[in-house]
Amino acid sequence: MNEPPALYLTGIMRSYAQGERSLDILRGAELAIWPGEIVALVAPSGTGKSTLLHVAGLLEKPDAGEIYVGGEPTSLLDDRGRTSLRRTHIGFVYQSHHLLPEFSALENVVLPQLVAGLKQREAERRAGELLGFLGLGERLKHRPAEMSGGEQQRVALARAVANAPHVLLADEPTGNLDPETAEHVFGTLVTLVRATGLAALIATHNLSLAARMDRRLTLLDGRVVDMDEAAARQ
Ligand code: ADP
Ligand code: MG
């Protein structure tokens, strides 16, 4: 199989200035994720999970290193190129849903598709299909405030994959949900990844969900390491 990784990060460095000092968060981080894989990122707060996801999602530039999306390097792209690649290839889900409160579930999933250039009718068709697939067929006209936390996160998931990205990045997507709802949302996510061949990287503190993903990664001194191997060494 000669398929390139959906996402490949290498030599990633990222520091933040803190007063006089520099906080070196990522120190040569490397990571590859293949299509159809669901990978957990489990590490204590403050170790750089969100930073890594933002860098991987082309939302934040690393100080050094390269990010390959679908085998293509991204460091030489200008802002427009990065934005366009992000829009078509990468979906993001956050801990809180960030849905637009004035818009219905359907409209929230339609909007990113219009931004990407799809026609209204086609975008609505796809949004309806996606929301139906995620078990929200009866909630299309509901606004975020009229839905439960789990439903809101499933709409956020539908929005993240509305433009059929190759990579899904999720930053503690079930962190605000009770265990049963978290379970349901995660189950939906797995079904979606298996059905589409997406590559998913999911930061989570939920060890029972992490245990059910294909691989578990953690951050150690600014590098990405296999969590099961790291545990075995200790
Ligand atoms: P995690 O998601 O694992 O909790 P983060 O990636 O959010 O960790 O943050 C890692 C470290 O970097 C933290 O100590 C945080 O305070 C710091 N940090 C994150 N973003 C910034 C920023 N924009 N400016 C300064 N420090 C930051
Ligand atoms: Mg974080």
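**Rings and cores**

Tutor: Gladly! Let's begin with Tyr 94, which counts as partly exposed at 26% relative accessibility. This is a predicted model, where local features need pLDDT of at least 70, side-chain atom pairs count only at pLDDT 80 or more, and totals for chains, interfaces and linings use all residues. Side-chain values use heavy atoms, with hydrogens and water left out.

Student: Why is Tyr 94 called partly exposed?

Tutor: Buried means under 20% relative accessible area, exposed over 50%, and partly exposed in between (1.4 Å probe, protein chains only). Tyr 94 has 26%, so it is partly exposed.

Student: And why does Phe 92 count as buried or exposed?

Tutor: Phe 92 has 12% relative accessibility, so it counts as buried.

Student: What makes Phe 92 and Tyr 94 a stacked pair?

Tutor: Rings of Phe, Tyr and Trp (its six-membered ring) pair if their centres lie within 6.5 Å; planes under 30 degrees apart count as stacked, over 60 as edge-to-face and the rest as tilted. Here the centres are 5.0 Å apart and the planes 15 degrees, so the pair is stacked.

Student: What makes Val 155 and Leu 131 contacts?

Tutor: Contact means heavy atoms within 4.5 Å. Leaving aside neighbours within four places in sequence, Val 155 has such contacts with residues including Leu 131, Val 109 and Met 147.

Student: Which residues have the most contacts inside the largest nonpolar core?

Tutor: They are Val 109, Leu 131, Val 155 and Leu 168, in a core of 35 residues. A nonpolar core is a set of buried Ala, Val, Leu, Ile, Met, Phe, Trp, Tyr and Cys residues joined through side-chain atoms within 4.5 Å.

How values were computed: Residues numbered from 1 in each chain as written. Chains lettered and ligands numbered in written order.
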